Amino acid sequence: QVQLVESGGGLVQAGGSLRLSCAASTRTSSRYAMAWFRQAPGKEREFVAAIRWSGGRASYDYASSVKGRFTISRDNAKNTVYLQMNRVNPEDTAVYYCAADPALSGLGPRRDLSYQYWGQGTQVTVSS
């Protein structure tokens, strides 16, 4: 059983930065796929970023809306994955969820159905 707990959310002004953390209650393999999703009021959950192991090396995926602004990373020693958010804007306001899976399905890293484990989310609010 893997439990994920997000932290680091809060209120930040547009143009600012924020770092989210996702801590696993138990050890996870360094080859687990880890991802961040978000859901804003009135909108469907959307993919944000993912890190996975493919072809013997780390592979990263980002939504076009956050590419160049957000960075996903992980610290295996701390069983923690991070989402560094830079140059945030009001459209980034949402509940952010951490997800993990030991073996991604054929749907790939951008689909929520690919992930078995989920955190409860952390609220990020960007003021203008």
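This is a predicted model: local features need pLDDT of at least 70, side-chain atom pairs count only at pLDDT 80 or more; totals for chains, interfaces and linings use all residues.
Residues are numbered from 1 along each chain as its sequence is written, and side-chain values use heavy atoms, with hydrogens and water left out.

Let me begin with the chain. It contains zero helices and eleven strands; helices (H or I, at least four residues) and strands (E, at least two) are DSSP runs, numbered from the N terminus. The C-alpha trace spans about 40 × 25 × 25 Å along its principal axes. The radius of gyration is 14 Å, which agrees with the value near 14 Å for a compact globule of 128 residues; the radius is taken over C-alpha atoms, and the globule rule is 2.2 Å times the number of residues to the power 0.38. Buried residues account for 43% of the 128. Of the contacts between residues at least 6 apart in sequence, 58% join residues at least 24 apart, a contact being heavy atoms within 4.5 Å.

I return to β4 and its neighbours. Two strands pair if DSSP finds at least two bridges between them. Strand β9, residues 94–101, runs antiparallel to β4 and is joined to β4 by seven bridges. Within that pairing, tryptophan 36 has cysteine 98 as its bridge partner. Strand β5, residues 46–54, also pairs with β4 in the antiparallel sense, over five bridges, and here phenylalanine 37 is partnered by phenylalanine 47. β4 and β5 form a hairpin with six residues between them, and glycine 42 in the turn has a positive phi of about 80°.

Cysteine 98 is joined to cysteine 22, with an S to S distance of 2.0 Å. The pair links distant parts of the chain, with cysteine 22 in strand β3 (residues 18–24) and cysteine 98 in strand β9, 76 residues apart. The torsion about the S-S bond is about -80°, so the disulfide is left-handed. Both cysteines are buried.

β3 also belongs to an open sheet of four strands, in the order β1-β3-β8-β7, with antiparallel pairing. β1 (4–7) and β7 (70–75) stand at the edges, each with a single partner strand, so one side of each is left without a neighbour in the sheet. β7 and β8 pair over six bridges, and phenylalanine 70 stands opposite methionine 85 in β8.

Finally, the loop between β8 (80–85) and β9 holds arginine 87. Is this residue buried or exposed? Its relative accessibility is 64%, so arginine 87 counts as exposed. Leaving aside residues up to four places away in sequence, arginine 87 touches Gly15, Gly16, Ser17, Arg69 and Asp92. Its C-alpha atom lies 19 Å from that of aspartate 61, 26 residues apart along the chain.

Conventions
A disulfide is a pair of cysteine sulfur atoms within 2.5 Å. Buried means under 20% relative accessible area, exposed over 50%, partly exposed in between (1.4 Å probe, protein chains only).
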